[in-house]
Amino acid sequence: MAASCEHAGVPSIVTEPPNDPDPDPDEDEDSDGGEPPEPKIRETPEDIKLEAIANTVALHPSRDILVCGDVDGDVYAYSYSCTEGENRELWSSGHHMKSCRQVRFSADGLKLYSVSRDKNIHLLDAERGQLVTRIRGAHGAPINSLLLVDENILATGDDGGTLKVWDMRKGTDIMDLKQHEDYISDIAVDQAKRILLTASGDGTMGVFNIKRRRFELLSEYQSGDLTSVALMKRGKKVVCGSSEGTIYIFNWNGFGATSDRFALKAESVECIAPVTDNIMCTASMDGYIRAVNLLPNRVLGCIGQHVGEPIEELAKSWDSRFLVSSAHDQLIKFWDISTLPNMTVNEYRKRKKKHGRMKSLTKKAHGENDFFSGLVEETETKQEEEGEGEEEDEEEDDSDSGSD
């Protein structure tokens, strides 16, 4: 659980000499003999203000450290803390000549990989931010997405739809395949490190076999850009976000066509961050972070917002206590998600019917203002129009739960 917000303690009062009949309390607190106030402990770390918009943010796998890459090509590392005033910039790196698109830590937290619009791949020392290795001209088009498959294997996707898989021990690619007609927005891998999944702006999800180093298939075309991809339900389900605000759901080994879809009342689903096997957080161009339950498909409520600013990326802290978001307001914000795994769909369903608006799930979400009255689940309206009730959703969940 997150620490509760505690106000600073009252400083001890210094006793004035007898010859001062009218001591000034303010002067007492500033005198050399006074003790400093106790540090204020917040529920979440303070916002980090950046000099430029951050396209990407990644969190250290075992420490309270984050790294972000911005539109100027700079990479910054910060330590974060719930103690007020304790966020610190650790280092900055300006090795990229153009916008940094994604950054990712290695599993041990010692290495940091970054890709850029300058078509280069960089490997940095995560402790000091020093450049270790650079692969120049790694792609023929600007690189847009990055995934660490394991400690030696790296996957990258570019704006032209090309996927490459790299063996970083040799610094060379072992797969170079162009199957998409538009940019690759995101990449995911299964637990066995065998199958790569790509989301693309052409509206398809790609399936690639790393072990056999070959392309398997493309999904059917969807109506909008696929902006993100993630595995849910212990790897039995694959979810893709889209530019039209719809989440497309695929069965594992049923990649050709969707098994379900879920429309959010959102401008888009730019990124997805799984929190549990059933619950994920989605971020949108409208600036809102929604918690969504998968099968039955429900919007649980609002985690937080960047008011009126598109969100670029979400990341979960190593201890699953915080969700971190970066947006066009040049802020990195922290949200307390420690209670999210305990939420149940049935509890939310009753509240949804009673209030008719999206529930605020954190103190920082500002869910009680009038603007939220319109942020209700669009799927519920569509189901009523089509005669589909919640009971039918539950039956669908039961039938899907055993699928592979």
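This is a predicted model: local features need pLDDT of at least 70, side-chain atom pairs count only at pLDDT 80 or more; totals for chains, interfaces and linings use all residues.
Student: Which side chains meet R63 in a salt bridge, and at what N to O distance?

Tutor: Side chains of opposite charge can pair when their charged atoms come close. A salt bridge here is a side-chain nitrogen of Lys or Arg within 4 Å of a carboxyl oxygen of Asp or Glu. In this case the side chain of R63 meets that of E127 at 2.8 Å, N to O. The pair links distant parts of the chain, 64 residues apart: R63 is in the loop between β2 (54–59) and β3 (65–70), and E127 in the loop between β8 (121–125) and β9 (131–135). Strands (E, at least two residues) and helices (H or I, at least four) are DSSP runs, numbered from the N terminus.

Student: Which residue forms a salt bridge with E313?

Tutor: R104 does, with the closest N and O atoms 2.7 Å apart. E313 belongs to strand β26 (residues 311–316) and R104 to strand β6 (residues 100–105), so the pair ties together parts that are 209 residues apart in sequence. E313 has 8% relative accessibility and therefore counts as buried. In the whole structure, the search finds 13 salt bridges.

Student: Why is strand β10 described as largely enclosed?

Tutor: Six of the six residues of β10 (residues 143–148) are buried, so the strand is largely enclosed by the rest of the structure. Two strands pair if DSSP finds at least two bridges between them. β10 pairs with β11 (residues 153–158) in the antiparallel sense over five bridges, and L146 stands opposite T156 in β11. A hairpin of four residues joins β10 to β11.

Student: Which residues does V345 touch?

Tutor: Contact means heavy atoms within 4.5 Å. Not counting residues up to four places away in sequence, V345 touches N293, P296 and R298. V345 is found in helix α2 (residues 345–355) and counts as buried because its relative accessibility is 12%.

Methods. Residues are numbered from 1 along each chain as its sequence is written. Side-chain values use heavy atoms; hydrogens and water are left out. Buried means under 20% relative accessible area, exposed over 50%, partly exposed in between (1.4 Å probe, protein chains only).
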